[in-house]
Structures are given as structure tokens and as C-alpha cells.
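Here's a quick briefing to read alongside the model. Have a look at the chain first, then work through the notes below.

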Amino acid sequence: MVSNTARELKEQPEIKQTPVQRPAANPRAVGWSPFERLLVTVGGVVTLCLVIALLSTKVAINNQQHHLQDLQSQISKVKNANTSSQQEIAELTSQSHLKAAAHKYGLSDRNSNVRNINQ
């Protein structure tokens, strides 16, 4: 049987296999279409604008933060000056200071005269 099968295979015509050919590349299909180019260009411009806007916003925020820090330092200076002024006023309007001022100007140190100096 083996010999019969071998003879049958020899008697069959040979089948030639042709290689599969790919279709020729279309030059327009390889590149981007005009719409795709436009889309990429618009996307790039929009991205660039967003980056510029983001950076300018960041710079503006930093400037405002520095300005706020300057204002806070000015507020603290004014508060310190206000506190020292209040302390000075408290010392000048104290009863002992007013009595000393009354004696200096030859006034009696009664409460009515001290109130007059205070006004």
C-alpha cells in the first residue's frame, strides 16, 4: 500500500504556489490627510495657548502672593506701632503721670483738676 500511495503522489500534477503579492502602496494613503494635518495643527496651537495661559496665571499668582506677604508685613508693623502708641498713651494718662504734671504746672492734684488736664 505504501508503494501505491507513493505512485499516486507522483502521478498527481504539481501545484505551483504563487507568492501573495501585496497591493502597491498608495502615496496618499501613507501620509496624513489634510484634515488630519489641520487637526494636529489646531491641537498644537490650542496646547501652546493653554501652556502660555497656565504659565502666565502661575506668574500672576506668585506676584499676588508676594504682594500679600508685603501687606501682611506692613500690617504687623502698623499693629506694633499701634501697640506701642497705646502703651505710651496709657503711661501719659495714668493718674501718677497726671498728678506729676499737675504739680509741675502748680495745680492741685485733686481729681477735678486731673480730669481737666486729661481733657
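**Helix H4 and around**

H4 is followed by Gly106, which has a positive phi, near 80°. Keep in mind that this is a predicted model, where local features need pLDDT of at least 70 and side-chain atom pairs count only at pLDDT 80 or more, while totals for chains, interfaces and linings use all residues. Residues are numbered from 1 along each chain as its sequence is written, and side-chain values use heavy atoms, with hydrogens and water left out.

- In helix H4 (residues 95-104), the buried residues are Leu98, Ala101 and Ala102. They sit on the same side of H4 because they cover an arc of only 100° around the axis, taken from the directions from the helix axis to the C-beta atoms.
- Ser96, His103 and Lys104 are exposed on the other side of H4. Buried here means under 20% relative accessible area, exposed over 50%, and partly exposed in between (1.4 Å probe, protein chains only).

**Overall fold and confidence**

- The protein has 5 helices and 0 strands, so helices here are DSSP runs of H or I with at least four residues, strands are E runs of at least two, and both are numbered from the N terminus.
- Mean pLDDT (the predictor's confidence in each residue, from 0 to 100) is 81 for the protein, with 71% of its residues at 70 or more.
- Where pLDDT is low, the predicted coordinates should not be read in detail.

**Surface**

- Val46 is in helix H3, and it counts as partly exposed because its relative accessibility is 44%.
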